[in-house]
Amino acid sequence: MSKAASALWGSLLLAGCAGAPTTGAPASSATPTASEPSAGERPDWRQVATERDAERLIGWRSLLDQARQRILAGESRDELLAGEGLYEVDSAVGYEAPPAGLYRCNMTKLAGKYLDMIAYDYFQCRVIVEDGRRQFVKLTGSQRQVGYIYDAATDHADDDRHGVFLGTLLLGDEDRLVPYGSRDDRDEAGIVQKLAQKRWRMIFPKPFYEANINIIDLQLIE
């Protein structure tokens, strides 16, 4: 998929989470019509996030640590240790937002109801920066996150500065967005951290489906 096509796809899908939470119909309805913010406008993520998402972001550290302890005591211990910094609580370096470009990305689900850990294949994601706003689009796969990355200074002195992702989830062959804030089972909220020069991670605490915490590994291609 070309960069121009990806940008158009992102622009069409992201309208639903451009501003404050909106209400809307399920994915089978018409394309969301929530307006984009004016050029250069960069709303604080707290003005956009639902109450549920704001609350679950607060506990990401303890959730990741609990998931690690469970996995280290089980059959997936070696797989977790092989992932090194990707699954460690304090592995982030000084924050810098992921730049525009194409990425290799994969999802790992931790501490699920039936499995301690499952890592999926790598797919393609894109970050698009336009008018001062940073869009994230997972381009391929059966579960595709689509939304915005906001810069966010932490409220806790012992925590590094990080970004916040707020968006929604597309499933299967869906091509129409469920607007952010309209359905708990589609809202996505995550912490964005830099791990290395061309690598980031997105940590999703208490996702609606399958696990207690999800992690997307982002590796810049171009």
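Is R186 buried or exposed, and what is its relative accessible area? R186 is buried, at a relative accessible area of 5%; buried means under 20% relative accessible area, exposed means over 50%, and partly exposed lies in between, with a 1.4 Å probe and protein chains only.

The model is predicted, so local features need pLDDT of at least 70 and side-chain atom pairs count only at pLDDT 80 or more, while totals for chains, interfaces and linings use all residues. Residues are numbered from 1 along each chain as its sequence is written, and side-chain values use heavy atoms, with hydrogens and water left out.

**Stop 1**

Helices (H or I, at least four residues) and strands (E, at least two) are DSSP runs, numbered from the N terminus. E174 is partly exposed, at 22% relative accessibility.

**Stop 2: K194 and E96**

Next, select K194 and E96. Their salt bridge has its closest N and O atoms 2.7 Å apart. K194 belongs to strand β7 (residues 187–196) and E96 to the loop between α5 (77–82) and β1 (101–110), so the pair ties together parts 98 residues apart in sequence. K194 is buried, with a relative accessible area of 11%, whereas E96 is partly exposed at 44%.

**Stop 3: D44 and R46**

Move to D44 and R46. This salt bridge has 3.5 Å between the closest N and O atoms. D44 is partly exposed at 34% relative accessibility, and R46 is partly exposed with a relative accessible area of 40%.

**Stop 4: R52, D53 and R56**

Select these three together: R52, D53 and R56 are linked in a network of salt bridges. The structure holds nine salt bridges.

**Stop 5**

How many disulfides does a search of the whole structure find? The search finds one, where a disulfide is a pair of cysteine sulfur atoms within 2.5 Å. Select C105 and C125, which form the disulfide with their sulfur atoms 1.9 Å apart. The link of C105 and C125 is right-handed, with 80° about the S-S bond. C105 lies in strand β1 and C125 in strand β3 (residues 123–130), so the pair ties together parts that are 20 residues apart in sequence. Both C105 and C125 are buried.

Technical notes:
A salt bridge is a side-chain nitrogen of Lys or Arg within 4 Å of a carboxyl oxygen of Asp or Glu.
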